[in-house]
Amino acid sequence: MWLSPAKTCLKSAEKSRILKPFGQRIEKAEKGIEASEEKLDKLNAAMVEASQAQDGKKIASLSRDMHRYQADIERLFDELEKSTELYETEKKQYDVLLDQLDRELE
């Protein structure tokens, strides 16, 4: 069966359209992890200061904030893992399809 180069081009465009949302989710999760880790570093430094000053109220408040950011990081890593797996699965399927189309064009 003969297929036109246009069909390969359309499949390539479809691949990009399908993969783009996964790529955006991956990027969003990575940026969120980075921002949360930076905030957690600042909270750790503040915790050291609060501990040295023996400020119990500040320590309790910082501890809650640190816990929240650690939970965010764990959630974002889960999101990153799931999005990456979906991205790779979809990418592999389109790569196989495009390889088949290229072979049929030869």
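Which residues are linked in a network of salt bridges? Lys15, Lys91 and Asp95 are. A salt bridge here is a side-chain nitrogen of Lys or Arg within 4 Å of a carboxyl oxygen of Asp or Glu. The points below start with the overall picture and return to this network.

1. Basis. This is a predicted model, in which local features need pLDDT of at least 70, side-chain atom pairs count only at pLDDT 80 or more, and totals for chains, interfaces and linings use all residues. Residues are numbered from 1 along each chain as its sequence is written, and side-chain values use heavy atoms, with hydrogens and water left out.

2. Overall fold. The chain has two helices and zero strands. Both kinds of element are DSSP runs, numbered from the N terminus: helices are H or I with at least four residues, strands are E with at least two. Contact means heavy atoms within 4.5 Å. Among contacts between residues at least 6 apart in sequence, 82% join residues at least 24 apart.

3. The chain exposes about 7800 Å². Carbon and sulfur atoms supply 52% of that area. Areas come from the Shrake-Rupley method with a 1.4 Å probe; for residues, only the protein chains shown count as cover. Buried means under 20% relative accessible area, exposed means over 50%, and partly exposed lies in between. Of the 106 residues in the chain, 23% are buried.

4. Main core. The largest nonpolar core has eight residues: Leu40, Leu43, Met47, Ala50, Leu62, Met66, Tyr69 and Ile73. Helices α1 (5–52) and α2 (56–105) each supply at least two residues of this core. Such a core is a set of buried Ala, Val, Leu, Ile, Met, Phe, Trp, Tyr and Cys residues joined through side-chain atoms within 4.5 Å. Leaving aside neighbours within four places in sequence, Leu43 is in contact with Leu62, Asp65, Met66 and Tyr69.

5. A buried serine. Ser83 sits in helix α2. Its relative accessible area is 2%, so Ser83 counts as buried. Not counting residues up to four places away in sequence, Ser83 touches Phe22, Arg25 and Ile26.

6. The loop. Gln54 lies in the loop between α1 and α2. Gln54 has a positive phi of about 55 degrees, although it is not a glycine. Most residues other than glycine have a negative phi. At 70% relative accessibility, Gln54 is exposed.

7. The structure holds four salt bridges. In one, the side chains of Lys15 and Asp95 meet at 2.4 Å, N to O. Lys15 lies in helix α1 and Asp95 in helix α2, so the pair ties together parts that are 80 residues apart in sequence. Lys15 is buried, at 15% relative accessible area. Asp95 is partly exposed, at 23%.

8. Pairs within a helix. Glu27 forms a salt bridge with Lys31, and their closest N and O atoms are 3.0 Å apart. The two lie in helix α1, four residues apart, about one turn of the helix. Glu27 is partly exposed at 42%, while Lys31 is exposed at 53%. Asp65 forms a salt bridge with Arg68, with the closest N and O atoms 3.5 Å apart. Asp65 and Arg68 are three residues apart in helix α2, so about one helical turn separates them. Asp65 is partly exposed at 24%, and Arg68 is partly exposed at 42%.

Methods. Buried < 20%, exposed > 50% of the residue type's maximum accessible area, 1.4 Å probe, protein only.
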